[in-house]
Amino acid sequence: MGVYYSIKRIIHVKKTKTLGVLDELKNFITPLSKEDRENLKENILKHGCREPLVLWKERNLIVDGHNRYSICTEIGVPFEVVEYSFDSIDDVKEFMVANQFARRNLHPYEKVELVLKIKPILDRMAKENQSLAGSGKKVKKRVNTLHLLAEKTGLSHDSIHKACYINKNGDDDLKALLRSGKVTISAAYTRLKKVSEGGLAKSLIAPPFSILDTRQGYWQDRKRWWKDKIGDSGETRENTLIKSSLSSIVGGASVFDPVLAEILCTWFGKKGFKVFDCFAGDTVFGYVSGKVGMDFTGIELREEQVALNNERVKKDGLKARYINDDALNMDKHIKNNSMDMFFTCPPYADLEKYSDLKEDISNMDHDGFFEVYKKCLTNTYSKLKENRFAVVVVAEARGPHDSLISLVPKTVDIMVRAGYKFWNEIILVNCVGTLAMRSGGVMKKKRKVGRLHQNVLVFYKGDTSLIKKEFEGALDSFDWEE
Ligand SMILES: C[S@@+](CC[C@H](N)C(=O)[O-])C[C@H]1O[C@@H](n2cnc3c(N)ncnc32)[C@H](O)[C@@H]1O
């Protein structure tokens with residue numbers, strides 16, 4: 001690594017003093033695990049703080065030694081400070097990266113991860129170099145960000161390219177393996193490409209497995225892309241959560257995942273298909289199904305949500321409409337044998353209470369909930385044409401004595417009794433979010449595990465031997481947008 005920061009003056013301060021902490025710098029380098037912090041604390045208790053902390057002189061901010069500082073102040077051990085002069089926070093960050101390189105024996109992927117932290121700085125350097133070259137001024141050699149990344153890590157362009165791909169698309173487990181050096185960048189890249197891009201994911205959005213993993217990079221990228229388009233963050237029902245587990249899905253009111261909506265439309269629908277939902281909720285499913293070329297009808301009890309949804313789909317000229325009514329009145333709005341797909345993500349009993357309306361099934365006791373839920377789901381069967389799919393996204397909820405109420409098996413039972421064939425059982429894995437923090441205590445107190453998934457239950461009405469014929473070419477029929 002070259003030196004890109006300027007040390008103007010170094011002063012050793014032999015006494016303890018109060019130092020400033022800036023979160024942007026504190027969080028810049030991956031924080032120590034709880035265990036590593038305990039080990040460091042023990043070491044300091046035994047031997048004192050042997051290495052001086054590095055301080056940004058001009059701003060009295062810690063650059064290196066956040067953990068040592070917090071431990072020393074906690075247990076009252078004195079420490080030394082070395083003051084460095086930096087011109088900007090970018091210089092500080094470059095120093096921090098170089099410092100990590102010098103201090104630890106890093107695995108190749110860790111090096112790339114570290115240098116990627118200063119990518120905006122490298123981008124700027126590359127741009128400056130390009131504009132110098134463009135203005136006819138002499139430059140030593142033309143550089144781009146890839147060159148700079150390779151130079152700073154000592155890795156080949158090919159390894160950098162692969163590591164960047166993994167950084168964007170890999171999951172936490174794969175990255176942890178790379179950091180530990182147990183897997184090479186090349187092997188991880190090949191594995192990831194096979195799973196996420198091996199032709200399958202590209203045309204099907206995600207691999208068609210019984211687990212859909214929303215934590216994957218490609219899923220999160222696609223989700224952001226959809227969110228920018230749709231813009232629903234559950235505004236009409238903020239603060240409706242009466243229990244906290246759903247809130248982890250989006251950090252507030254639960255909003256349906258648009259990538260899941262896109263997957264369900266394309267795997268089990270076809271362009272031009274008429275799709276309906278009797279507990280429609282937010283804009284997401286209607287918007288996404290309309291955007292890929294389907295014709296959506298949703299029934300939703302909350303008037304303000306219906307107004308918001310209709311405004312959004314109308315603005316983008318989509319074939320989607322929301323009707324403000326009780327799902328029990330489905331017959332008034334949807335003719336028998338008129339629909340090509342049924343989709344719903346119903347209230348998970350009273351896990352999230354949507355309104356105070358007496359017809360709201362999330363507002364009923366569990367007996368009342370199951371009675372109406374059963375009537376509505378059963379009625380969808382007659383609305384669907386032959387040889388078509390129905391999808392229910394649902395998750396378990398808790399009831400009396402905090403025990404699970406069997407919402408998932410009961411949903412399957414209701415649908416099968418209505419006449420559907422149970423066709424696919426898919427587990428949707430959610431992001432961990434704050435669940436990691438909350439689950440430890442619940443396990444200790446009640447031996448309950450944190451719910452990290454929802455169930456996507458797929459049913460079929462009709463003759464399963466006709467699926468191939470009925471859905472021939474369906475995947476290529478959609479209006480795709482990258
Ligand atoms: C889980 S949400 C819909 C799914 C959507 N993904 C969401 O999270 O907003 C369930 C929706 O059912 C609505 N709902 C509750 N009881 C209803 C009823 N009897 N008829 C129609 N909609 C109802 C609620 O207002 C809520 O918006």
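## Exercise 1: two helices in contact

Pro 258, Ala 261, Glu 262 and Cys 265 in H14 meet Val 284, Phe 285, Val 288 and Ser 289 in H15. Here, contact is counted when two C-beta atoms, placed from the backbone, lie within 7 Å. Helices (H or I, at least four residues) and strands (E, at least two) are DSSP runs, numbered from the N terminus.

A word on the ground rules: this is a predicted model, where local features need pLDDT of at least 70 and side-chain atom pairs count only at pLDDT 80 or more, while totals for chains, interfaces and linings use all residues. Residues are numbered from 1 along each chain as its sequence is written.

**Task.** Sort the residues of the contact of H14 with H15 by class, then describe how H14 and H15 cross.

**Solution.** 

1. Sort them first: six are nonpolar, one is polar and one is charged. Ala, Val, Leu, Ile, Met, Phe, Trp, Tyr, Cys and Pro count as nonpolar, Asp, Glu, Lys and Arg as charged, and the others, Gly among them, as polar.
2. Now the axes: those of H14 (residues 258–268) and H15 (residues 284–291) come within 9 Å and cross at roughly 50°. Axes are lines fitted to C-alpha atoms, for helices over the stretch in contact, with angles from 0 to 180 degrees between N-to-C directions.
3. H14 and H15 are therefore oblique to each other. Under 35 degrees would be roughly parallel, over 145 roughly antiparallel and 65 to 115 roughly perpendicular, with the rest oblique.
4. Last, the hand: the crossing of H14 and H15 is right-handed, meaning that the near helix is turned clockwise from the far one by less than a right angle (anticlockwise is left-handed).

## Exercise 2: around helix H3

**Task.** Which residues of H3 (residues 66–75) are buried, and what covers them?

**Solution.** 

1. His 66, Arg 68, Tyr 69 and Ile 71 are buried in H3. A residue is buried if 20 or more other C-beta atoms lie within 10 Å of its own, exposed if 12 or fewer, and partly exposed in between, with C-beta atoms placed from the backbone.
2. The cover over these buried residues includes helices H1 (23–26) and H2 (34–47), plus strands E2 (53–56) and E3 (61–64).
3. Look at Glu 42, which sits in H2. Its C-alpha atom is separated by 9.8 Å from that of Ile 71, 29 residues apart along the chain.
4. Glu 42 itself counts as exposed, because it has 11 C-beta neighbours inside 10 Å.
5. Just after H3 comes Gly 76, with a positive phi of about 70°.

## Exercise 3: loop residues

**Task.** Where do His 401, Arg 447 and Asn 336 lie?

**Solution.** 

1. His 401 is in the loop between strand E10 (384–394) and helix H19 (407–418). Its phi is positive, about 55°, although it is not a glycine. His 401 counts as exposed, because it has 5 C-beta neighbours inside 10 Å.
2. Arg 447 is in the loop between helix H20 (435–446) and strand E12 (453–461). Phi of Arg 447 is positive too, near 60°. With 7 other C-beta atoms within 10 Å, Arg 447 is exposed.
3. Asn 336 is in the loop between helix H17 (330–333) and strand E9 (339–344). Leaving aside neighbours within four places in sequence, Asn 336 is in contact with Ser 382 and Lys 383.
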